[in-house]
Amino acid sequence: MQDKIKNINTLEELQVLYTETYGKNGTMTARLKEMKNLDNDARAALNTENAALRELFKTRQTEIENAVLMAGLQKQRLDTSLNPEPENRGTLHPLTQSLSEISEILESFGYKRYTGPEIEDDWHNFTALNTPMHHPARDMQDSFFLENGKVLRTQTSAIQIRAMESDGVPIKMFGIGSTYRKEWDATHGPMFGQIEGLYIDKNITMSSLLADIRAFLSRFFGLEDVELRIRPSYFPFTDPSIEVDMKWKNDKWLELMGAGMVHPNVLRNCGINPDEYQGFAFGFGWDRLAMLKYNLPDLRDLYNNDVRWLKSAGF
Ligand code: PHE
């Protein structure tokens with residue numbers, strides 16, 4: 001019997017033998033029924049034999065189940081010597097890549113990320129930013145005005161107003177999002193991405209601004225140091241206002257961002273006392289930064305969603 005069980009290799013055959021042994025008319029069943037006619041020694045011997053036989057069936061069942069499982073796994077083994085089908089892998093768009101890099105860097109400097117609506121009201125896009133009625137930025141030539149008097153946000157500076165209104169000071173934030181102007185050439189599109197940084201506290205100076213800009217640019221472009229040129233400029237919402245240029249690889253100066261110390265009127269408009277608090281703001285187009293980093297000739301390519309172009313540009 002023992003050998004018989006050991007030679008069985010399928011669960012079905014084992015089941016047949018089990019039924020023959022322990023089924024209603026099974027051999028062992030019959031012997032167990034006669035147990036009452038046996039003397040004590042023979043009874044004990046039958047009990048031992050019965051227990052051993054059951055154990056044997058159980059063990060063989062487990063063995064067969066394991067063998068079946070192993071055979072299945074063997075069949076599923078991958079043949080890694082086969083050439084794979086060419087795979088069409090997606091990547092993150094260069095704009096998305098640079099956007100998350102920029103956010104990561106600014107967040108590591110302690111700037112908190114804010115967003116705001118792209119359809120803005122006059123207050124947040126212009127008036128609170130100390131932009132008087134006659135300012136050219138309000139010109140119909142530059143801004144997309146809607147019939148309801150609202151405007152497609154022309155600058156992420158609107159987000160700094162919202163942030164100061166909602167969270168007060170001290171504040172260290174950056175706003176990020178799309179902005180819209182009536183422009184169209186190789187370095188300007190009607191929609192572009194802007195980032196705005198703002199840091200207001202009690203002892204913030206122009207050199208804090210320059211330190212952060214320098215650290216940011218060297219991290220973003222992966223350069224040990226960056227050479228900056230500061231030019232005086234004009235923005236209604238900063239005073240003094242500057243334009244920051246960076247020396248690029250070919251020794252050319254590139255105009256990168258506008259910045260300055262936040263104008264006292266802007267702080268007052270947000271309910272902040274300018275005698276107590278001051279700080280800086282800076283703003284730049286992050287698609288222009290991506291263009292430089294990835295060496296792209298035309299900014300508008302970034303918005304065409306042409307996969308062939310993305311592939312040929314190495315993305
Ligand atoms: N909002 C300005 C622009 O769109 C950039 C800027 C932001 C300048 C913050 C100074 C401070 O050109």
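An oxygen atom of the ligand sits 2.7 Å from an N or O atom in the side chain of R181. An oxygen atom of the ligand also lies 2.8 Å from an N or O atom in the side chain of Q194. The protein covers 91% of the 330 Å² of accessible area that the ligand has on its own. The model is predicted.

**Ligand site**

- The ligand is surrounded by 13 residues.
- The closest of them are Q155, S157, R181, Q194 and E196.
- S157 places a polar side-chain atom 3.0 Å from a nitrogen atom of the ligand.
- R181 and Q194 each face an oxygen atom of the ligand, R181 at 2.7 Å and Q194 at 2.8 Å.

**Helix α2**

- Helix α2 runs over residues 11–22 and has 12 residues.
- From its first C-alpha to its last, α2 reaches 16 Å, close to the 16 Å expected at 1.5 Å a residue.
- Four residues of α2 are buried: L14, L17, T21 and Y22.
- Seen down the axis of α2, these buried residues fall within an arc of 110 degrees, so they line one face of the helix.
- An α-helix has 3.6 residues a turn, so residues three or four places apart point the same way.
- Beyond its neighbours within four places in sequence, E20 is in contact with N25, G26 and T27.

**Helix α4**

- Helix α4 has 36 residues.
- Its span from first C-alpha to last is 53 Å, close to the 52 Å expected at 1.5 Å a residue.
- Buried residues in α4 are L46, N50, L53, L56, F57, R60 and I64.
- The cover over these buried residues of α4 includes α1, α2 and α3.
- D39 caps the N-terminal end of α4.
- In that cap, a side-chain oxygen of D39 lies 3.2 Å from the backbone nitrogen of D41.

**Cis peptide bonds**

- The peptide bond from V169 to P170 is cis, with omega near -5 degrees.
- P170 lies in the loop between α7 (157–167) and β4 (171–180).
- The peptide bond from D239 to P240 is cis too, with omega near -5 degrees.
- P240 is placed in strand β7, which spans residues 238–247.

- N130 is not a glycine, yet its phi is positive, at about 60 degrees.
- The loop between α6 (122–125) and β3 (151–152) holds N130.
- D251, also a residue other than glycine, has a positive phi near 65 degrees.
- D251 is in the loop between β7 and β8 (253–262).
- D251 is exposed, with a relative accessible area of 55%, where the cut-off for exposed is over 50%.

**T238 in strand β7**

- T238 is part of strand β7.
- T238 is buried, with a relative accessible area of 5%, and buried means under 20%.
- The side chains of T238 and S241 are joined by a polar contact of 2.7 Å.
- Not counting residues up to four places away in sequence, T238 touches A259, G260, M261, V262, H263 and A281.

**S218 in helix α8**

- S218 is found in helix α8, which covers residues 206–221.
- S218 is buried, with a relative accessible area of 15%.
- Leaving out neighbours within four places in sequence, the contacts of S218 are L223, E224 and V226.

Note on methods
Residues are numbered from 1 along each chain as its sequence is written. This is a predicted model: local features need pLDDT of at least 70, side-chain atom pairs count only at pLDDT 80 or more; totals for chains, interfaces and linings use all residues. Side-chain values use heavy atoms; hydrogens and water are left out. Helices (H or I, at least four residues) and strands (E, at least two) are DSSP runs, numbered from the N terminus. The expected span of a helix is 1.5 Å times one less than its number of residues. Buried means under 20% relative accessible area, exposed over 50%, partly exposed in between (1.4 Å probe, protein chains only). The arc is that of the directions from the helix axis to the C-beta atoms. Contact means heavy atoms within 4.5 Å. A residue is near a molecule or strand if one of its heavy atoms lies within 4 Å of it. A polar contact is a pair of N or O atoms within 3.5 Å; within protein, one must be able to donate a hydrogen and the other to accept it, and residues adjacent in sequence count only if both atoms are side-chain atoms. Accessible areas come from the Shrake-Rupley method with a 1.4 Å probe; for residues, only the protein chains shown count as cover.
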